[in-house]
Amino acid sequence: MDRTEVFEKVKGILLSKVAAAPDAVTPEARLKEDLEVDSLDMVEMAMALEDQFSISVPDDAIAVILTVGDVVDFVCECLSVRD
Amino acid sequence: MSAAIVSLGRGIPRHILHNRQLEELLDTTHLWIKERTGIAERRVAGPDEDNLSLSLEACRQALRRAGMKGGDIGLIVVASATPDRLVPAMACTIQGELGARGPALDLNAGCSGFLYALAVAKGFLAEGLAERALVVGTETLTRIVDWRDRATCVLFGDGAAAALLAGCPEGEGILRVVLGAEGRGDGLIHAAGGGARMMASLRGGLAGEAGAFAEAIPFLGMECDGIYPFVRMQGRKVFRFAVETMCATLRELCAAESLSPREVDLVVPHQANSRIVEAAAERMGLPLQRFYLNIERYGNTSSASIPLALEEAARRNALREGDLVALLGFGAGLTWGGALLRWADGCDGGDPEEGGRGR
């Protein structure tokens with residue numbers, strides 16, 4: 001799985017949780033401010049990431065994630081995907 | 001022998017506290033609370049109400065609906081995380097007030113309490129210790145929340161509900177109960193107040209005015225400074241635990257009975273947060289309509305939430321003869337539990353004082 005595929009999956013997860021327009025989900029988009037992701041959406045997103053990528057997403061990892069790109073970075077790091 | 005729920009009753013406080021009223025007191029809004037929890041209002045026990053008065057109302061309604069009297073009851077099990085007092089068990093006072101007989105006890109298993117109490121009562125009936133039992137879930141959580149903490153105080157409400165249990169043949173009534181606990185999560189939902197340690201800090205206690213005792217007899221000394229008495233909760237961790245536990249418990253219940261979760265007609269979950277239920281439904285691949293929710297009007301009433309929702313579901317005809325019903329709970333401890341029931345009509349038989357079936 002490459003970075004683009006990870007991004008598309010992350011985008012799919014986010015769009016299933018919040019009412020954002022697909023175009024709004026860019027790597028630079030801020031989860032809370034731009035996409036209106038709330039704290040419970042974050043937990044649901046973490047659980048969905050765990051299911052879809054078979055990785056572990058601890059709470060302290062969620063705490064430092066601010067943008068869509070951060071989510072992709074985190075997943076890629078877990079999967080050891082290189083740019 | 002198994003046991004079945006013969007009737008249900010409830011006792012809810014008169015006073016309703018709506019989110020709009022909280023807007024005036026806290027830095028929050030009705031919409032913020034509603035979107036994140038599903039709660040619009042909750043009942044709050046007034047000065048003249050407590051667990052005992054609400055529980056007695058619930059028990060008397062359940063008795064009336066079953067056409068029974070207190071003397072027909074041989075066991076009372078009360079689940080509560082917010083008992084009115086330390087000693088004696090509230091179940092004993094309820095027994096005395098109702099004119100019931102036999103053993104009576106309280107237990108605390110957090111918000112899973114009603115399911116634990118159901119299992120205890122079912123076991124006592126199977127042991128022949130009683131023929132009929134009242135199982136009560138009762139809470140006055142609004143008395144142990146910090147009203148300065150907008151993250152927790154908006155979540156909880158007060159109320160009581162009771163189920164009258166009687167023996168029945170195997171394969172009917174309560175088909176299966178599963179229970180669990182994970183004590184390493186004991187700090188996720190926590191309230192230190194009201195216990196013996198805190199009592200020591202009060203006037204007359206070993207760290208309070210009677211601290212002179214401790215000077216004379218050092219092992220009596222108690223350090224009680226810094227006890228935060230109210231409910232604290234790590235919301236994100238609890239959310240995740242709740243969703244995962246609900247899914248796992250339903251799967252375990254159904255597997256044990258060689259059933260598919262899809263065959264369950266109605267799930268009555270602990271009403272902690274509608275978002276938890278929505279997330280769990282999605283993960284289980286079950287339609288949300290199959291989950292009974294009344295959290296909008298009551299908030300999280302802990303041990304009382306499952307029987308309050310079940311009573312309402314029965315009263316509003318959301319349950320039919322032969323329906324497969326799953327009760328799912330999770331809470332402080334951490335604890336969890338589930339019960340699979342085969343619903344028998346008449347579980348919520350008429351209440352003469354309410355006119356017919358008491359709708």
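Helices here are DSSP runs of H or I with at least four residues, strands are DSSP runs of E with at least two, and both are numbered from the N terminus. Okay, with that settled: this is a predicted model, where local features need pLDDT of at least 70, side-chain atom pairs count only at pLDDT 80 or more, and totals for chains, interfaces and linings use all residues. Residues are numbered from 1 along each chain as its sequence is written, while chains are lettered from A and ligands numbered from 1 in the order in which they are written.

Let's start with chain A. Glu36(A) sits in the loop between helix H2 (31-35) and H3 of chain A. Its phi is near 55 degrees, which is positive, and the residue is not a glycine. As a reminder, most residues other than glycine have a negative phi, and most peptide bonds are trans. Is Glu36(A) buried, exposed or partly exposed? It has 13 other C-beta atoms within 10 Å, so it counts as partly exposed. The cut-offs, with C-beta atoms placed from the backbone, are 20 or more other C-beta atoms within 10 Å for buried, 12 or fewer for exposed, and partly exposed in between.

Ser54(A) has a positive phi too, near 50 degrees. Look for Ser54(A) in the loop between H3 and helix H4 (59-63) of chain A. Ser54(A) has 9 C-beta neighbours inside 10 Å, so this one counts as exposed.

Now the helix between those loops. The axes of H1 (residues 3-17) and H3 (residues 39-53) of chain A come within 10 Å and cross at roughly 140 degrees. Axes here are lines fitted to C-alpha atoms, for helices over the stretch in contact, and angles run from 0 to 180 degrees between N-to-C directions. So H1(A) and H3(A) are oblique to each other; under 35 degrees would be roughly parallel, over 145 roughly antiparallel, 65 to 115 roughly perpendicular, and the rest is oblique. The contact brings Lys9(A), Ile13(A), Leu14(A) and Lys17(A) of H1(A) up to residues of H3(A) including Asp41(A), Glu44(A) and Met45(A). By contact I mean C-beta atoms, placed from the backbone, within 7 Å. By class, that contact of H1(A) with H3(A) has 5 nonpolar, 1 polar and 4 charged residues. The classes: Ala, Val, Leu, Ile, Met, Phe, Trp, Tyr, Cys and Pro are nonpolar, Asp, Glu, Lys and Arg are charged, and the others, Gly among them, are polar.

How many residues of chain A are in contact with chain B? There are 7 from chain A, in contact with 8 of chain B. H3(A) gives the largest share of the chain A side, 5 residues.

On to chain B and its sheets. One is an open, mixed sheet of 5 strands in the order S1-S7-S6-S4-S5, and pairing takes at least two DSSP bridges between two strands. S1 (2-11) and S5 (104-107) of chain B are the edges with a single partner strand each, so one side of each has no neighbour in the sheet. Inside that sheet, S4 (residues 75-79) and S6 (residues 132-140) of chain B pair in the parallel sense over 5 bridges, with Ala79(B) opposite Gly137(B). Helix H4 (residues 90-98) of chain B packs on this sheet, touching S4 and S5.

The other sheet has 4 strands, also open and mixed, ordered S8-S13-S12-S11 in chain B. S8 (173-181) and S11 of chain B stand at the edges, each with a single partner strand, so one side of each is left without a neighbour in the sheet. S8(B) and S13 (residues 335-342) of chain B are antiparallel over 8 bridges, and Val177(B) has Ala339(B) as its bridge partner.

Last stop, the cis peptide bonds. One joins Val87(B) and Pro88(B), with omega about -5 degrees, and Pro88(B) lies in the loop between S4 and H4 of chain B. Another runs from Gly333(B) to Leu334(B), with omega near -10 degrees; Leu334(B) is in the loop between S12 and S13 of chain B.

Technical notes
Contact = placed C-beta atoms within 7 Å.
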